[in-house]
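Dear colleague,

I am passing on the structure we spoke about, and my notes on it follow below. Please read them with the model open beside you.

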Amino acid sequence: MTAHDTLDSADAADLLDRQHRVLELLAGGAGRGEVLEAVTLALEELIPGSRCSVLVLDAAGGTLHHGAAPSLPAAYSAAIDGLAIGQDAGSCGAAAYLDRAVVAEDIARDARWDRFRALALPHGLGSCWSSPIHGHDGVLGTFAVYHARPHRPDDRERRLVARFTDLAAVALEHDRLYAARAARREAELAARVAEEASRAKSLLLSTLSHELRTPLQAIVGFAELLGTLDLPPARREAALGHIDAAAHHVLDLVGDVLDLARLEARALPLVPGTVDLAALAHEVLDLLEPLAARRGVRLGTDLPDAGGPTACADPRRVRQVLINLVTNGVRHNHVDGWVRVGAHTADGEVVLAVRDGGPGIPPALVHRLFEPFAQLDGGAAEDAGGGTGLGLALVRGLVEAMAGTVAVESAPGMGTTATVRLPATVAAATADGDPDVAAPGDPGVRSGRA
C-alpha cells in the first residue's frame, strides 16, 4: 500500500467500524439488498453531500440492475434498472463496459450522459463518479457516487470509495457463493425427492398389482371351475360366493384408490349435512356384525339408538370413515376380542372414538398407519375381506377434507384407540318440528375396506 492509498487515523477508524457493521450483517445471513444498503449509507456518512448506489451486472445480458440506492429518488433508480452497458451509457454503464472508473464531473456537459441527462438533472443529480466492482470472474457491478452540483473527487474520496468498492465486492461475491450453495442444495433436494417419489410410485404399483392379482386369480379360478366341472349345488353356490366376494374386493380397492386420488387433487365431492353419530354408529355396527362374529369379536356402544352428538359433515363420508375404523379394529384383534364406538362433544367439536382390545401397535410404528398400503403385520390379505392397507390413509384424507382431524393411540398389549374430531352442529328444528338431521348413508354406498 502506497502513502497515496493510506487513510488518516480518523478515516481508518471510521472505516473499520463500518466494515465490522457490514461483516456482521453478512455473518448473520442478511440479504444482499440489506448488506449493499449498509455499504452505501456508510460511505454517505463519510462523504457529506454524496448519494451512493450499487448496480449489479447481469453479464449474460450486458445490463445493470438495482442493488442498493437508499438516498436516490425511487423514480430515477427504477428508470435506470436494466440499463444496457456501453461507452455512452452514463457513468455506470460506461464503467461496467470499459472496466475502469468513469467520472462525469458535470452531467449537464458530459457526452456520456446525453441519453440520460433529462432523467438525472430534474432529480438534482449534477455529477456522477462510477467505479467497477471486481470479483474473481470479472466485473460484478458498479459503485456510484452522486453529488447535486458539478464535483470532482479528491484523493480522500478516492481512497474511501476504493475501500467501499472492495466491501461491495465482498458482499456480491458472498451473495453469489451463497446462491450457488443454495441452488446446489435445492438441486440435491429435488433429486432426492424425485428418487423417493419414483421408489414410492414403484412400490405403490407393485403393491396395487399384488392386491388386484389375488382376487382376480380367485375370480378366474372359480369361473374356470364352474365352466369345466358339473358341481353339486352347494359347491356351485360356494364358488359363486367366492367370485362375488373377490369382485367386490376389486371394486372396493379401485374405489379407494380413486378416492385417494381425488383427495390428493382436492377434487373429492362432499355434501355437508348434519350427521347423528349415534344412529350412524348403530347402523355401522349392525352392518359389520357378521364380519365380527366370524372372527369372534364383540361389537358394542353406549350411544342411544338416535339423538346422540351431531357433526357437521358429509353423512356418506362419515359412514365410510366409521366403517373403515371399526373394520380395522375387528380385523386386527384377538379371538373373543372387542371393539366399541363412542362419541361426545367437546369445545365445539364432536369426538368420535373407536377403541379395541387388540394386541396394540408399538408407538414407533403408529405413524405408518396412515401410509397407503402400509400393513404393519407384513402380510397381504388372505381372502377378499382381508384389507388392502388403504383404509386409514383414506380415513385421514376424508376427515381432513371435512375440516377434522384423526389420531391413533396404541401400545403393545393395550389395544388401539382411533379418535376423529369433526365440527359439531346443533340440530335445527324444521317446519314440521322434526330435527334437521341427515339419515345414515345408504347401505349400498361403497364402504372402503369393509
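How many residues does helix α1 have, and how far does α1 reach from its first C-alpha to its last? Helix α1 covers residues 9-27, which is 19 residues, and reaches 27 Å, close to the 27 Å expected at 1.5 Å a residue (the expected span being 1.5 Å times one less than the number of residues).

Before going further, please keep in mind that this is a predicted model, in which local features need pLDDT of at least 70 and side-chain atom pairs count only at pLDDT 80 or more, while totals for chains, interfaces and linings use all residues. Residues are numbered from 1 along each chain as its sequence is written, and side-chain values use heavy atoms, with hydrogens and water left out.

The protein has 10 helices and 13 strands, taken as DSSP runs numbered from the N terminus (H or I with at least four residues for helices, E with at least two for strands). Of its 450 residues, 43% are buried, where buried means under 20% relative accessible area, exposed over 50% and partly exposed in between, with a 1.4 Å probe and protein chains only.

To return to α1, its residues Asp11, Leu15, Arg18, Val22 and Leu26 are buried. Seen down the axis of α1, the buried residues fall within an arc of 95°, so they line one face of the helix (the arc is that of the directions from the helix axis to the C-beta atoms). On the other side of α1, Ser9, Glu24 and Ala27 are exposed, and just after the helix Gly29 takes a positive phi of about 80°.

Helix α4 (90-98) is mostly covered, with 7 of its 9 residues buried, among them Gly90, Ser91 and Cys92. What covers these buried residues includes β1 (51-58), β2 (63-68) and β5 (127-135). Asp99, which follows α4, has a positive phi near 60°.

A search of the whole structure finds 4 cavities of 30 Å³ or more; a cavity is a set of points on a 1 Å grid over the protein atoms alone where a 1.4 Å probe fits but cannot get out, and its lining residues have an atom within 4 Å of a point. The largest cavity holds about 70 Å³ of space, a volume being the space filled by probe spheres set on the points, which are joined across faces, edges and corners. Its lining includes Leu55, Tyr76, Trp113 and Tyr146, and the largest share, 3 residues, comes from α4.

Best wishes

Key: 1 Å grid on protein atoms, 1.4 Å probe; cavity = no way out; pocket = protein on both sides within 12 Å on 5 of 7 lines; lining within 4 Å. Contact = heavy atoms within 4.5 Å.
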